[in-house]
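Hi,

Here is the structure I promised to send over. Have a look at it first, then read on for what I found.

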Amino acid sequence: MAQTSVEEKIILVTNDDGITAPGLRHLVEAVKPLGKVVVVAPDSPQSGMGHAITIGVPLRLYAVHIFEGIEAYQSSGTPVDCVKLAKDKILHRAPDICLSGINHGANHSINVIYSGTMSAAMEAAIEGIPSIGFSLLDYRFDADFTAARQVAYQLTRQMLDTPDLPRGSLLNVNIPALPLSQLKGIRICRQAYAKWVEEFDERRDPRGEKYYWLTGRFQNLDEGMDTDVWALENGYVSVVPTHFDLTNYALKDFLHQHWHVQLKT
């Protein structure tokens, strides 16, 4: 990696849609005025990979020259692999911030569990790196990223300029598919309680063998007006502070009060 000045911030950018995804290019263009951008992204789409890592096959990492003036690499691994490789083999230190996205499609509510976009950002947060995952609620390859670019720039600058952020600060940012002029603002929210109602469509291949295709619909079970789903449905950018501690503290307190279990021999 090339040397940087003491003052220049190192911005690691990754995604789960792959190194050639338009959302990644838009994110790079949006934040490059804020520091030295280094891209490490999968060589192919990795949507829905969650926090998967590669342990059974070798990982490949190659320099690519697809972003003008930007140091970039593609990896055969998952989004989480990309963050690990970036820190250990390319940067040789923790970056000042890690940005993941801009994802094509929503990562609000329960989607954060499955999201490769958010898992990459979460992996960085586990390492104590301030991180943001960006998602645009538009699955089209030719989606308009104009508003998303502005949001990404503003929130990245805000995070870089905020002293004494708590260790492991991680934001899940979702942006409605609206023109910038129609966005009502940015709301700090909680994650809505929702789920996917799923089923498997049974089909047959040309040889007559069965295979299954996952289908489903998103069901919001949360009527709160402080959630990411409500914000997005009402024209706001949602910002959900997220963390990787999966402890259910309410259940922990309940068990302390009501369970008196002793190991019997």
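Predicted model: local features only at pLDDT ≥ 70, side-chain atom pairs only at ≥ 80, totals over all residues.

D96 and R93 pair up through their side chains in a salt bridge, at 3.6 Å from N to O. (A salt bridge here is a side-chain nitrogen of Lys or Arg within 4 Å of a carboxyl oxygen of Asp or Glu.) D96 is partly exposed, with a relative accessible area of 27%, and R93 is partly exposed too, at 40%. For these labels, buried means under 20% relative accessible area, exposed over 50%, and partly exposed in between, with a 1.4 Å probe and protein chains only.

Residues are numbered from 1 along each chain as its sequence is written, and side-chain values use heavy atoms, with hydrogens and water left out.

The salt-bridge count comes to 11. One of them is K84 with E123, at 3.0 Å from N to O. That pair links distant parts of the chain, 39 residues apart: K84 sits in helix α2 (residues 79–91) and E123 in helix α4 (residues 116–126). (Helices are DSSP runs of H or I, at least four residues, and strands are runs of E, at least two, numbered from the N terminus.) K84 is partly exposed at 38% relative accessibility, whereas E123 is buried at 5%. D88 forms another salt bridge with K89, with the closest N and O atoms 3.7 Å apart; D88 is partly exposed at 48% and K89 is exposed at 53%.

D228 is buried yet has no salt bridge, and the nearest side chain of opposite charge, R190, is 7.3 Å away. (Lys and Arg count as positive, Asp and Glu as negative; His and the chain ends are not counted.) What lies 3.0 Å from a polar atom of the D228 side chain? The backbone nitrogen of A192 does. D228 also touches H108, S109 and C189, among others, leaving aside residues up to four places away in sequence; contact means heavy atoms within 4.5 Å.

Last, helix α5 (residues 146–160): its 15 residues reach 22 Å from first C-alpha to last, close to the 21 Å expected at 1.5 Å a residue, taking 1.5 Å times one less than the number of residues. Its buried residues include V151, L155 and M159.

Cheers

Key. Lys, Arg positive; Asp, Glu negative; His and termini not counted. Polar contact = N/O pair within 3.5 Å; in protein donor to acceptor, adjacent residues only side chain to side chain.
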